[in-house]
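These are my notebook entries on one structure. I record what I looked up and what I found.

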Amino acid sequence: MTIPHLSAALSRRAWLAGAAALAGLPLLAALPGAVMAQGSGVADPALRLRIGTLKFGTLNWLLETIRAEGLDRREGLSVESVDLASGQATTVALQAGDVDLIVSDWLWALRRTQDGERMRFAPFSNALGAVMVAADGPVKGLADLKGRKIGVAGGALDKSWLLLRAYARAELGVDLATAAEPVFGAAPLVSEQLALSRIDAVLTFWPYAARLDARGFRRLLDVKDIIKGLGIDPAPPLVGFVWRNAVMAERGAAIAGFLRAAAAANRVLATSDAAWDRIRPLMQAADDAEFARLRDYYRAGIPGSFGEAERVSCARLYQVLAQTGGEELVGPNPGFDRALFGPVGE
């Protein structure tokens with residue numbers, strides 16, 4: 001299955017429309033009591049926000065755009081970035097109250113909610129991972145993955161891997177966990193294994209798929225297409241801004257203002273090439289081709305509206321993941337809680 005390049009699939013107008021739609025989300029509704037700083041740019045204490053980030057994560061691209069465009073000052077926000085070493089470190093920091101907001105997947109947030117610590121979620125990106133293969137290699141379609149070594153960025157409970165397994169079971173009647181040879185590892189490692197022809201395909205996160213794309217590798221399947229192939233349409237985001245429900249009384253106005261600033265920054269990144277030149281040092285692009293792919297993949301993942309259809313898709317996606325991953329993934333108290341995706345003011 002050949003997926004057209006993202007930059008051809010989305011026009012500049014479509015990028016702008018998608019980003020603009022985010023600004024209208026119920027999640028972004030202003031809260032009573034929100035206080036804007038006047039003139040000085042110094043935020044009211046209720047509008048101070050600590051955000052946990054990965055040093056080289058894509059969230060930094062958005063945060064730098066917010067700062068450079070003055071979108072934090074426009075909302076009266078004081079935003080502090082707290083660099084952390086890993087995704088696990090960000091979730092630990094959030095639970096400990098060391099940061100107010102992180103980027104994580106809603107399945108993790110849902111499990112924490114089920115365990116008694118209520119969380120909230122708002123989309124950060126609709127960009128998902130992809131199965132990447134050598135352009136002239138033997139893997140031409142899904143069926144060719146049988147009997148092959150498949151690198152998987154993450155572990156056996158990686159959400160994209162579980163979805164690929166479910167899709168192969170539906171399309172081919174096989175479980176790739178046994179019909180193929182999965183090789184689990186960190187995203188940079190499995191990418192290099194593919195480049196060295198030690199594995200036949202790699203299922204990886206979108207920034208690493210973009211980098212492989214720039215090196216001449218081919219996308220066999222996008223995870224978004226896998227989700228739609230499972231009958232779930234629209235394909236919902238997996239990754240978003242996550243915060244504890246308990247901070248809403250003290251930091252709710254800050255979170256609402258930050259989400260508005262994030263939507264505005266995405267509108268800039270959707271249309272301004274100069275904005276991308278500004279954040280290029282943060283992207284660690286090896287060359288112009290890699291820079292362009294990273295930019296285009298990000299733009300294609302700028303979230304649009306998140307309403308009832310997307311919530312229904314999340315619920316259906318949860319069922320697929322729970323069925324494939326079992327209790328080890330969803331915990332002993334499985335269940336889909338729509339309140340996770342509720343408006344900030346609720």
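I began with A180, which counts as buried because its relative accessibility is 9%; buried means under 20% relative accessible area, exposed over 50% and partly exposed in between, with a 1.4 Å probe and protein chains only. I note that this is a predicted model, in which local features need pLDDT of at least 70 and side-chain atom pairs count only at pLDDT 80 or more, while totals for chains, interfaces and linings use all residues. Residues are numbered from 1 along each chain as its sequence is written, and side-chain values use heavy atoms, with hydrogens and water left out.

I located A180 in the loop between helix 8 (176–179) and strand 7 (181–185). Helices (H or I, at least four residues) and strands (E, at least two) are DSSP runs, numbered from the N terminus. Leaving aside residues up to four places away in sequence, I found that A180 touches L145, G147, R148 and I150; contact means heavy atoms within 4.5 Å. The C-alpha atoms of A180 and G147 are separated by 4.4 Å, although these residues are 33 apart along the chain.

Next I turned to helix 6. Seven of the nine residues of helix 6 (residues 106–114) are buried, so this helix is largely enclosed by the rest of the structure. The buried ones are W106, L107, W108, A109, L110, T113 and Q114. Their packing partners are helix 5 (87–96), strand 3 (102–105), strand 4 (119–125), helix 7 (159–172), strand 10 (239–244) and helix 15 (308–330).

What caps the N-terminal end of helix 6? I found D105, with a side-chain oxygen 3.1 Å from the backbone nitrogen of L107. Just after helix 6, G116 takes a positive phi of about 110°.

Three strands form an open sheet in the order 3-10-4, with antiparallel pairing; two strands pair if DSSP finds at least two bridges between them. Strand 3 and strand 4 stand at the edges with a single partner strand each, so one side of each has no neighbour in the sheet. Strand 4 and strand 10 are joined by six bridges, and M119 has R244 in strand 10 as its bridge partner. Helix 6 lies across strand 3, strand 4 and strand 10, at about 90° to strand 3. Axes here are lines fitted to C-alpha atoms, for helices over the stretch in contact, and angles run from 0 to 180 degrees between N-to-C directions.

How many aromatic pairs does the whole structure hold? The search finds 14. Rings of Phe, Tyr and Trp (its six-membered ring) pair if their centres lie within 6.5 Å; planes under 30 degrees apart count as stacked, over 60 as edge-to-face and the rest as tilted. The pair of W61 and Y298 is tilted, because its planes stand at 45°, with the ring centres 5.9 Å apart. W61 lies in helix 3 (residues 59–68) and Y298 in helix 14 (residues 288–300), so the pair ties together parts 237 residues apart in sequence. Both W61 and Y298 are buried.

F336 and F341 form a stacked pair, 5.6 Å centre to centre and with 25° between the planes. F336 is partly exposed at 23% relative accessibility, whereas F341 is buried at 0%. I recorded one aromatic cluster, formed by W106, F121, F306, Y318, F336 and F341.

Key: Polar contact = N/O pair within 3.5 Å; in protein donor to acceptor, adjacent residues only side chain to side chain.
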